[in-house]
Amino acid sequence: ARLATWVRQGEKQAADHTNASSAKRVDDDYLIGPSDVLSISVWKDTELTRTVLVRPDGKITLPLIGELEVKGLTASNVQRLVTQKLKAYISDPQVAVIVQEVKSRTYSVLGKITKPGSYELGKPTTVLEAIAIAGSFLDFAKPSKIYIIRPVSGGATQTLFFDYKRVIKGRNPEQNVELKNGDTIVVP
């Protein structure tokens with residue numbers, strides 16, 4: 001119970017030390033990727049407590065431990081790994097790992113829209129929400145012919161169609177899918 005209380009306090013302190021809008025809560029099964037920001041807290045050890053950026057190679061560097069491969073792991077996996085590595089230096093280390101910022105998951109919006117570009121997929125986002133974030137349609141855009149290019153296994157892609165006019169009228173709501181990492185929305 002003491003550890004659980006400490007972890008909750010650590011999460012609150014980590015949230016207090018960051019911009020509230022940048023700290024995002026992720027699912028327990030979220031897989032860490034390059035550019036994500038992790039908050040690693042070691043109870044009663046301020047020298048080992050730090051915020052780290054996951055490098056493009058999927059690794060982080062921590063004092064005493066050195067480099068750790070964290071890409072593809074969950075926060076609880078990283079917590080167990082850091083705890084195991086620290087046992088060589090500290091008796092019974094109490095570690096908390098929080099994904100502070102999700103930056104490894106992105107989607108892109110291209111075509112005839114005011115703010116084309118790449119956007120972070122830090123929280124569940126639908127196609128309609130992504131279009132709203134990317135601004136308004138430019139002149140001569142074809143909102144009824146929008147499509148999403150979605151990467152699938154083996155380097156192949158899947159094309160999903162999105163008719164903006166029908167979706168905002170309440171028709172074809174199934175086209176307003178939740179975006180996945182790597183999706184590209186094309187506004188012709």
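**Figure 1. Glu-101 and its salt bridge with Lys-103.** In this predicted model, Glu-101 is buried, with a relative accessible area of 18%. Glu-101 counts as buried because 18% falls under the 20% cut-off. Its partner in a salt bridge is Lys-103, and the closest N and O atoms of the pair are 3.3 Å apart. Lys-103 is partly exposed, at 33% relative accessibility. As a general point, side chains of opposite charge can pair when their charged atoms come close.

**Figure 2. The salt bridge between Glu-67 and Arg-55.** The closest N and O atoms of Glu-67 and Arg-55 are 2.9 Å apart. Glu-67 belongs to strand E4, which covers residues 66–69. Arg-55 sits in the loop between strand E2 (50–53) and strand E3 (59–62). The two residues are 12 positions apart in the chain, and the pair links distant parts of it. Glu-67 is partly exposed, with a relative accessible area of 48%. Arg-55 is also partly exposed, and its relative accessible area is 26%.

**Figure 3. Lys-59 and the network around Glu-67.** Glu-67 also meets the side chain of Lys-59 in a salt bridge, with an N to O distance of 3.8 Å. This pair counts as a salt bridge because 3.8 Å is within the 4 Å cut-off. Lys-59 is partly exposed, with a relative accessible area of 26%. Salt bridges with shared partners join Arg-55, Asp-57, Lys-59 and Glu-67 into one network. In the whole structure, a search finds five salt bridges.

**Figure 4. A positive surface patch that includes Arg-166.** The patch is formed by Lys-165, Arg-166, Lys-169 and Arg-171. One of these residues, Arg-166, lies in helix H4, which spans residues 164–168. Arg-166 is partly exposed, with a relative accessible area of 33%.

**Figure 5. Asp-92, a residue with positive phi.** The phi angle of Asp-92 is near 50°, a positive value in a residue other than glycine. Asp-92 lies in the loop between helix H2 (75–86) and strand E5 (95–101). Asp-92 counts as exposed, at 59% relative accessibility. The label applies because 59% is over the 50% cut-off.

**Figure 6. Asn-172, another residue with positive phi.** Asn-172 is not a glycine, yet its phi is positive, at about 55°. Asn-172 is found in the loop between H4 and strand E10 (184–187).

**Figure 7. The whole chain, for orientation.** The chain holds four helices and 10 strands. Read along the sequence, these elements follow the pattern α-β-β-β-β-α-β-β-β-α-β-β-α-β. Of the 188 residues in the chain, 39% are buried. Among contacts with a separation of 6 or more, 51% come from residues 24 or more positions apart. The chain exposes about 10900 Å², and carbon and sulfur atoms supply 52% of that area.

Note on methods
Residues numbered from 1 in each chain as written. Predicted model: local features only at pLDDT ≥ 70, side-chain atom pairs only at ≥ 80, totals over all residues. Heavy atoms only, no water. Buried < 20%, exposed > 50% of the residue type's maximum accessible area, 1.4 Å probe, protein only. Contact = heavy atoms within 4.5 Å. Areas by Shrake-Rupley, 256 points an atom, 1.4 Å probe, with all protein chains shown as cover. Patch = residues over 30% accessible without salt bridge, like charges linked within 9 Å, V, L, I, M, F, W, Y side chains within 5 Å. Lys, Arg positive; Asp, Glu negative; His and termini not counted. Charge placed at Lys NZ, Arg CZ, Asp CG, Glu CD.
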